[in-house]
Amino acid sequence: MRTVKATPHPAPLITHPQQLGALVRAVRTASGLTLEETALSVKVAKQTLQNLETGTGTVSLALAFKVMNGLGIRLTWQAPPDGGRSGGTDAA
């Protein structure tokens, strides 16, 4: 049996795909699961899981949520204090 070395959890604020991937990897490795085992259990390709964990390639949001749900990861969100009026680029 292959031993999985646990990786530390990233900071709680996630603003980049690599940080989300680090969280997925940390949860997976803390559970002692290999890439192969996790991919099989959540029914995604191993390469998709690897791309998600490294923040590379293109992984759909639906597949990312499929993996996160399979690992028990739940996300919460927080609206900006100004209701988002100062941050977006979608001007009407």
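Figure 1. Helix 1 gives the most, with three residues. The model shown here and in the other views is predicted. The second largest pocket holds about 160 Å³ of space. Its lining is formed by Arg2, Thr3, Val4, Lys5, Arg25, Arg28, Thr29, Leu33, Thr34, Leu35 and Glu36. By class, that lining has five charged, three polar and three nonpolar residues.

**Figure 2. The largest pocket has a volume of about 280 Å³.** Its lining includes Pro12, Leu13 and Ile14. Leu23 also lines the largest pocket. So do Arg74, Leu75, Thr76, Trp77 and Gln78. Sorted by class, the lining of the largest pocket has six nonpolar, two polar and one charged residues.

**Figure 3. Helix 1 packs against helix 3.** Helix 1 covers residues 17-30, and helix 3 covers residues 46-54. The two pack at an angle of about 120 degrees. Their axes lie 5 Å apart. That angle makes helix 1 oblique to helix 3. On the helix 1 side, the contact is made by Pro17, Gln18, Gly21, Ala22, Val24, Arg25 and Arg28. On the helix 3 side, these residues meet Leu49, Leu52, Glu53 and Thr54. The residues of the contact of helix 1 with helix 3 divide into five nonpolar, three polar and three charged. Arg25 and Arg28 are also among the residues lining the second largest pocket.

**Figure 4. Helix 2 packs against helix 3.** The angle between helix 2 and helix 3 is about 110 degrees, and their axes are 9 Å apart. Helix 2 and helix 3 are therefore roughly perpendicular to each other. The crossing of helix 2 past helix 3 is right-handed. Helix 2 brings Leu35, Glu36, Thr38 and Ala39 to the contact. Helix 3 brings Lys46, Leu49, Gln50 and Glu53. In this contact of helix 2 with helix 3, three residues are nonpolar, two polar and three charged. Leu49 and Glu53 of helix 3 also meet helix 1.

**Figure 5. Helix 1 packs against helix 4.** Helix 4 covers residues 61-71. Helix 1 and helix 4 pack at an angle of about 30 degrees, with axes 10 Å apart. That makes helix 1 roughly parallel to helix 4, because angles under 35 degrees count as roughly parallel. Helix 1 passes helix 4 in a left-handed crossing. Leu20, Val24, Val27 and Arg28 make the contact from helix 1. Val67, Met68 and Leu71 make the contact from helix 4. The residues of the contact of helix 1 with helix 4 divide into six nonpolar, no polar and one charged. Val24 and Arg28 of helix 1 also take part in the contact with helix 3.

Technical notes:
Residues are numbered from 1 along each chain as its sequence is written. This is a predicted model: local features need pLDDT of at least 70, side-chain atom pairs count only at pLDDT 80 or more; totals for chains, interfaces and linings use all residues. Side-chain values use heavy atoms; hydrogens and water are left out. Axes are lines fitted to C-alpha atoms, for helices over the stretch in contact, and angles run from 0 to 180 degrees between N-to-C directions. Helices (H or I, at least four residues) and strands (E, at least two) are DSSP runs, numbered from the N terminus. Angles under 35 degrees count as roughly parallel, over 145 as roughly antiparallel, 65 to 115 as roughly perpendicular and the rest as oblique. Contact means heavy atoms within 4.5 Å. Ala, Val, Leu, Ile, Met, Phe, Trp, Tyr, Cys and Pro count as nonpolar, Asp, Glu, Lys and Arg as charged, and the others, Gly among them, as polar. On a 1 Å grid over the protein atoms alone, a cavity is a set of points where a 1.4 Å probe fits but cannot get out, and a pocket is an open set with protein on both sides within 12 Å along at least five of seven lines; lining residues have an atom within 4 Å of a point. Grid points are joined across faces, edges and corners, and a volume is the space filled by probe spheres set on the points. A crossing is left-handed if the near helix is turned anticlockwise from the far one by less than a right angle, and right-handed if clockwise.
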